[in-house]
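Hi,

Here is the structure I promised to pass on. Please have a look at it first; my notes on what turned up follow below.

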Amino acid sequence: MAEIRVSRPGSQPPSNTVGTFGWLRRNLFSSPLNAALTILALYLLYSALPPLLRWAFLDATWSGDDREACATNGGACWAFIRVHFDQFMYGFYPSDQRWRVNATVLLLIFGAAPLFVRTVPNKIKIRLGLGLLAIYPIFAFALLTGGAIGLPAVDTSQWGGLLLTLVIAGVGMTAALPLGVLLALGRRSQMPAIQTLCVTFIEFWRGVPLITVLFMSSVMLPLFLPAGTNFDKLLRALIGVTLFQAAYMAEVVRGGLQAIPKGQTEAAAALGLGYWKTMGLIVLPQALKLVIPGIVNTLIALFKDTSLVLIIGLFDLMNIVHNATTNPEWLGFSTEGYVFAAIVYWLFCFGMSRYSQHLEKRLHTGHKR
Amino acid sequence: MSELSPSPARTLLSDQAMIQMEGIHKWYGAFHVLKDINLTVRKGERIVVCGPSGSGKSTTIRCINRLEEYQRGRIVVDGQELSNDVKQIERIRREVGMVFQHFNLFPHLTVLENCVLAPIWVRKLPRKQAEDIAMQYLERVKIPEQAGKYPGQLSGGQQQRVAIARSLCMNPKIMLFDEPTSALDPEMIKEVLDTMVALAEDGMTMICVTHEMGFAKTVAHRVIFMDGGEIIEQNPPEEFFTNPQSDRTKLFLSQILHH
């Protein structure tokens, strides 16, 4: 006998699966073990957070010009950071010339801003991006170094702090990515000479620690150069960091290239597209999108690795903070210094990470295949 | 087997040869995949290539636009001989459209962008003109309304029709089809075959690797049967299906027609 059911309105789900109570049950107390872990975590937070907050905020000293100001409170001495702040930002860049650093940074922010606005057409973005890539480094170099157009010269050995960190990271990133892409393409090339060259390059740079690279660039390189050649220390660091990270980047990009089905290059070839157009229009856009997490991983590593330049006596953010903690007038505040440095590094790295997630979401056109 | 639209008239063919394959041999390592393939395709001729899997059908047509290299023999396409010269290969590929079993649309580009890419970057057409042409062909394959979508949002049949339109946008003189319906669900096969029949009606020179024998009967001038890297038999469809010559052809036909 046929039975027809009249459809009825949906009823409420059981009350212990929804709302705050349901959420707690699902996420924190779903099993005895999870309940125990939740309680343990709460206990740890309870015992660690209040002292931390007391040190960082309640008992902290925010103002004052010498260490005496910090002697009484017992909390963090943020006055140490405040007094040294300009040094942390600019290094030994002459005070009256620091506007040049600010101008360089502002120019980049305003110049690059349209690249991040969604309503700007892609064509303009590409032109602006390439234009910036070609002109901005020259401009920034001229402005920061000076020695012409009425600006007093500032030697690169005076650059320091966050400025130096950003210069190394910025140059490293913008140079390592394209170089890495070329190396990755070269490693997959049909031409044996190019392939061997790229494999050798990648395996060499991946096989040595960055510290070794930096050491060699400052100790060994002068041995090979004619006596009297002055090879800028910063330039050596830049080249070392770039080539080192390009090798890592190449392998990340190669991972993406391998994930693109052969049919894509075949379809492009069948339409009459040559190698560079196939790579540039079909393969790389897909491959790079796939490996955004890996690329950003490498960029973040690069950003943090810039702190290794202290090995060759450059005063990047990390080294200049370290230097300030050894200042006899401010002995004993290394914790504050390193916490500050950590926060600055974290802000930049977290920013990159969030932007990459946003980018991944926006570029997602995959749907199902 | 799918019901197809009425067969396009098998008009008298011109004598002009579009494709000449002479003594093509190919080896994968020590394995001899193509053994002395000789094939002349005249302008406007429609050829269906069939045969068991691994018989070298796809490899044969992929030699024509040099997606596969061959070790011996020569191929002349529309009066131009294939050589190792990259520029020459690209010149020939411009005139030879190809449709793949797995569509191979570019997933990061919209349907319209898929269609205008090659005309803009290879034929150097202005974008506006390329888009007009693309819309025209998307209308012909009956999916102009999908122009703004990404391939991943379309059904298999729609994707394959986009792939056909994409090839046609280059205004090719020859179309190669490499098992265009093998990856499709049964209800989508007809829409793709209908598109191909319509193309045949316009007099396009076509080589089609397929197991759609209905399509072969209605559209092909010649059916070629391959096995073991050799052309075993070639005949007009009526002759091929009613009076197969070799035992291998008979066996193959009995297997695909009576399953």
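**A residue in chain B to start with**

B:Leu39 sits in strand S2 of chain B, which covers residues 31-42. Before going further, please keep in mind that this is a predicted model. Is B:Leu39 buried or exposed? Its relative accessible area is 6%, and since anything under 20% counts as buried, B:Leu39 is buried. Setting aside the neighbours within four places in sequence, B:Leu39 is in contact with B:Ile19, B:Gln20, B:Met21, B:Ile47, B:Arg222, B:Ile224 and B:Gln234. B:Glu212 is 173 residues away from B:Leu39 along the chain, and 21 Å separate the C-alpha atoms of the two.

**Two backbone angles to look at**

Two residues of chain B may interest you for their phi values. B:Phe103 is not a glycine, yet it has a positive phi of about 65°. You will find B:Phe103 in the loop that runs between strand S6 (96-99) and helix H3 (111-121) of chain B. With a relative accessible area of 11%, B:Phe103 is buried.

The other one is B:Glu179, again a residue other than glycine with a positive phi, here near 45°. B:Glu179 belongs to the loop between strand S7 (174-178) and helix H6 (186-201) of chain B. Its relative accessibility is 15%, so B:Glu179 counts as buried.

**Where the chains meet**

Now to the contact between the chains. The size of an interface is often given as the accessible area lost when the parts come together. Here, the area buried between chain A and chain B is about 2,100 Å², and carbon and sulfur atoms give 64% of that. Chain A brings 24 residues to the contact and chain B brings 25 residues.

How many salt bridges are there between chain A and chain B? The count is 1. A:Glu266 forms a salt bridge with B:Arg62, and their closest N and O atoms are 2.7 Å apart.

On the side of chain A that touches chain B, the elements giving two or more residues are helix H11 (262-270) and helix H12 (275-290) of chain A. H11(A) supplies the largest share of that side, 8 residues. Sorted by class, the side of chain A that touches chain B has 10 nonpolar, 8 polar and 6 charged residues.

**Aromatic rings**

Finally, the rings. Over all chains, a search of the whole structure finds 20 aromatic pairs. One of them joins A:Phe201 and A:Trp205 in a tilted pair, at 5.9 Å centre to centre with 45° between the planes. Both residues lie in helix H7 (residues 192-207) of chain A, 4 residues apart, about one turn of the helix. A:Phe201 has 23% relative accessibility and counts as partly exposed, whereas A:Trp205, at 14%, counts as buried.

A:Trp346 and A:Phe350 form a stacked pair, 4.7 Å centre to centre and with 10° between the planes. These two are also 4 residues apart, in helix H15 (residues 334-362) of chain A, which means that about one helical turn separates them. A:Phe350 counts as partly exposed at 38% relative accessibility.

There is a cluster to look up too: ring pairs link A:Phe80, A:Phe85, A:Phe88, A:Trp330, A:Phe333 and A:Phe340.

Best wishes

Notes: Residues numbered from 1 in each chain as written. Chains lettered and ligands numbered in written order. Predicted model: local features only at pLDDT ≥ 70, side-chain atom pairs only at ≥ 80, totals over all residues. Heavy atoms only, no water. Contact = heavy atoms within 4.5 Å. Buried area = accessible area lost by both parts, 1.4 Å probe. Salt bridge = Lys/Arg side-chain N within 4 Å of Asp/Glu carboxyl O. Nonpolar A, V, L, I, M, F, W, Y, C, P; charged D, E, K, R; others polar. Phe/Tyr/Trp six-rings, centres within 6.5 Å; stacked < 30°, edge-to-face > 60°. Buried < 20%, exposed > 50% of the residue type's maximum accessible area, 1.4 Å probe, protein only.
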